[in-house]
Each structure stands twice: as structure tokens, then as C-alpha cells.
Amino acid sequence: MMEVSLGQKQKHHEFTLLSFSLLPSSSSPSCSSAVACFSTECGATKLQFHQKSESAEVVHVDISTAQLFKLGPVKSVCISESSEGNRMVKSYSRGITLRFRTEDESKAFHCAFEQWKSKAVDASAGACLENGKVVTSKSKFDSKVEAASAKMYFHYYGQLLHQQNMLQDYVRTGTYYAAVIENRTDFIGRVVVDVGAGSGILSLFAAQAGAKHVYAVEASEMAEYAQKLIAGNPSLAQRITVIKGKVEEVELPEKADILISEPMGTLLVNERMLESYVIARDRFLVPKGKMFPTIGRIHMAPFSDEYLYVEVANKALFWQQQNYFGVDLTSLYGSAFQGYFSQPVVDAFDPRLLVSPAISHTIDFTSVKEEELYEIDIPLSFIASGGTRVHGLACWFDVLFNGSTVQRWLTTAPGSPTTHWYQLRCILSQPIYVMAGQEITGRFHMVAHNAQSYTIYLTMSAKMYGAGADQGGILQTSSCKFDLKEPYYRMSQPQAYTWSQDQQPHQLGHAQEADLAVEVELA
Ligand SMILES: C[S@@+](CC[C@H](N)C(=O)[O-])C[C@H]1O[C@@H](n2cnc3c(N)ncnc32)[C@H](O)[C@@H]1O
């Protein structure tokens, strides 16, 4: 390494490399005994690679947009936008594999890269724009998602306790493990991208199944823990690269043969991570590449649960007090009642509460367009199996891993082993009465919002039954609006914490761990 200062205007920083080669390595010879050189000339920061011989071709890199990833102790890859000579032509990304002579030289290069990059970014931020050029600093993710929501979201996933909660959902993690290992022919010798890698667990499964290389992309601080966990499994670590960043923004050195991800939120779509999964597909997956999971289905059926209805309605009774320390609260009763009924309920319920067989809506992850997830409109039509009061719509989801060897479903259905997603119920503030055989129609309309969730508009109607039905009149109709972001986690109701519960681990919903911790402390 050598640093040469040539007065105020020019400065450069050279590193000797064992070799460098442009990816894919088969199409470009490796240049041995090479030099990497950072420099500033008249305020412009540059990175160039060239062979030691004078006549060798020089590869220019725009350091302000380049990213550097460690592939091993003495091997790294530098991803940058393509360039032609000094004119940057931003059309596609390019990877340059770098081999260092020693681990120390590799570390020193990485350190210098970060310093020169921040200089370059600062300089370009202060530079004048070319005529007609627009600064588009917001990525697809940033332009859709409110900054405060994204901050809280990645803060949440950056904590090990929340990753542990998902890892301890053995139905979930065990199904992923089985789906990968039983379909090892889909992974052996393949390039895999783990979309939202979290702790890196799915990357480790893919490496166990024989993947040639796994790129584990994770936007939150969890990326550092994933790196640690992967390094702690040295037989797999050589084939996994953790990349910290959003799948909407990072560049990868090669295309993937298969994507693996766990992008499912409550009711499949909450958190809006399916959109990131689809963006990753369009950015990184080879044509006809595989996706694990491959499809998702939302299932819906009307339910009857008098007990739940009364419980929710009673919550608003507090606001019926006319003398609360001398204050009449009743003017807020109506708003409180509406507020409680705008919360979808998350819990595990007995499937015998369902009033008719379920219908389903399928989302094919391999072909759905990202924009199609902004608004999901599902017409409802059921035949009641008995005479009862319908209190709303119960929903759950499943996903399919369409492996070449085994097709495996991960289900969150009522009556199946409970997962941390439980099921979701949207309660109508005005229930409807039905007779056996009566048709229930309606609409389940979900509209995405910029806090990474959906507003749900539910309408359910009971059609006229018996005499006069042929005139097609509607007898009763009931509509409600819900915010999927603000569910009522019914499982977090104060419960006595007993040792027997401890021995049969409970899978908790995301927002519930803190509640339980408080209950345990108070017990
Ligand atoms: C539901 S967790 C799954 C974690 C891990 N794959 C597992 O199965 O245990 C989703 C992870 O994706 C990450 N994530 C969400 N959106 C992302 C995005 N746009 N780019 C990169 N990571 C993202 C989150 O930070 C979180 O760690």
C-alpha cells in the first residue's frame, strides 16, 4: 500500500492486489499482479483497477455508487454501475472480483474504500447538477413507505428477540427447513438470494442443501448478527455473503437461480414485504427461476362468535359513564365503539365457529406485478350451513413451496398447529342473521397505505331467502373499515403464567412478547 500526495489538487492511494477480474469470470481473464488506485483530481474522486504492466487496460469505477462485499478473507467483490472511460453510462451493474495477497491487505483496502467513498458521496452531494438532470435519491421502497414506519419496522427486526420469536415458531421454521432439504435438487450448485434474511437462518438452510452461493440481503441491523451466526457455522460460511441493505437498492454480482424468503405478515400481506419479494424477483432472479415460497392464498369464511362480539362491544362501555370524576364521557362512546370495531382481531379460534366453507384468493409470487399488491379486491359469496348470527369474516393464509421433488404447504388455518401469525377476524359492528342455505355475499377490499399495511373495507350481506328470493332483494347489509396495522392481539389478554405453559412453548405474535414479559414480571 502506498500513499502519494501530489500537492493540493491531486492525491492518490494505491493497493497491490493478487489479481482482479470482471464478472462473470469466465468471460474475462483474471489480471494478476494488479493495482487498485483511489485518487482525487480537481475535486473528483476516482477508483481504477489496472495490471502492473503499463499497456494494460484500465477499469474505472464510480466510487460514489459502488459497493464492496467480502466473499472471503482475501476475496471481495466490487459492484458498480458500468462506465465507459471517464463518461459514466449508467445502464447496468458490473462486478469485479478482487483477490488480495493477505487478510490484512484486504482489511486495509475495505477501510480505504469506505473513506474514499464517503468523500466521493460528499463531493457529489455538493456538486452542481447537469442541466435537465433530476436527483432521485428515493428508492422504490422509500417512495412508498413513510420514513417513520420504515424506521420502526427495521428497528423491530434489528433485535434478536424478535428474530427468536420467529425462529421459535417451529411450525414455520420447520416447514421452511423441510421444504428446502427435501428439495435439495433445487439448491445443489445453485445461486440463491435470501430476501430479508433476518438472522440468516434460511441462507444457512440453503447452504446446507448444497447451494453454490447464497446472498443474504437484510436491511436492518440484524445483518451484523446474521454475519456472526454465519461465521459461527464455518462449514457453510464460505458459501454465504451477507449484504446489508434493502433488496430494492443493493446490487448483486450475479443473478439468482432461486429466491428464498419469509415475507408473510398477518393475513399474508401485512408489512407489505411481498412487494419487496416481487421486486427482488424482477431484479435478481433468472427467467423461470424458482421462488420459495411460490404462491400464497388468503382464505376467508363467515364466522359466528357471540362471546367475541360481546367482549369487543363491552370495551367501549367505559365511555358510557356519565360521572367519571364529575365528567360525562358519553359523547365519546360512539367513537370508541367504532374504534374497537376497526381493529381486526388476531387469535387462534375453533374452526367450528365458521358458518360456511371458505373461499380463497391466490397470489402467484412468480408472476404477480408489484402494483397488483397495492389494492386487493375479493368478491365474497358463501352459503350458510346453519341458522345463526354472522359476526364477521375470518381469514387465514397458506403458502406453497413448489419444489421439484416435494410440494410443501405452510398453513395458518384454524385447527392446524398454531403459528405466530394465528388467524385474523374482522368483526361487523352490526352482525347479520342468516338461515341455513342462505347466501351471504359481499366484498373484501384491501388498500395498501404508506405505513406498510392495508386499510380493509368489508361488506357482508344476507340475500333474501325463501318466498320472494327470486326478486333478488338484499335483506341486511353491514359494512366496516379496519386498519390491518392496528390489530387487537387477543392472545395477549392477561393470563396466569404457569410452568406448564413454559414447558409447552407458546408461539407469540410480534406485538405480544413485550406484553408477556410484563405479565411474567407481575406474576
Ligand atoms: C419476517 S422476517 C424473516 C427473517 C428470516 N428470513 C427468517 O425467516 O427467520 C423479514 C426480514 O426481512 C427484512 N426486510 C424486510 N423488508 C426488507 C427489504 N425491503 N430489504 C431487505 N430486508 C428486508 C426485515 O428486516 C426482516 O429481518
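The model is predicted, so local features need pLDDT of at least 70 and side-chain atom pairs count only at pLDDT 80 or more, while totals for chains, interfaces and linings use all residues. Residues are numbered from 1 along each chain as its sequence is written, and side-chain values use heavy atoms, leaving out hydrogens and water.

**Aromatic rings**

- A pair of aromatic rings is described by the distance of the centres and the angle of the planes.
- Searching the whole structure turns up 24 aromatic pairs (rings of Phe, Tyr and Trp, taking the six-membered ring of Trp, with centres within 6.5 Å; planes under 30 degrees apart are stacked, over 60 edge-to-face, and the rest tilted).
- Tyr156 and Tyr157 make an edge-to-face pair, because their ring centres are 5.2 Å apart and their planes stand at 90°.
- Both Tyr156 and Tyr157 are buried (under 20% relative accessible area; exposed is over 50% and partly exposed is in between, with a 1.4 Å probe and protein chains only).
- Phe318 and Tyr324 are also paired edge-to-face, at 5.6 Å centre to centre and 70° between the planes.
- Phe318 is partly exposed, at 38% relative accessible area, and Tyr324 is partly exposed too, at 33%.
- One aromatic cluster brings together Phe15, Phe38, Phe100, Phe109, Phe113 and Trp116.

**Charges over rings**

- Lys315 has its charged end over the ring of Tyr488, 4.1 Å from the centre (the rule asks for NZ of Lys or CZ of Arg within 6 Å of the ring centre and within 35 degrees of the ring normal).
- Over the face of Phe303 you will find Arg425, 5.0 Å from the ring centre.

- The protein chain is assigned domain 1 (13-82 + 93-120), domain 2 (147-262) and domain 3 (296-489), with bounds from an automatic or database domain assignment.
- The centres of domain 2 and domain 3, taken over C-alpha atoms, are 33 Å apart.
- Contact (heavy atoms within 4.5 Å) links 16 residues of domain 2 with 17 residues of domain 3.
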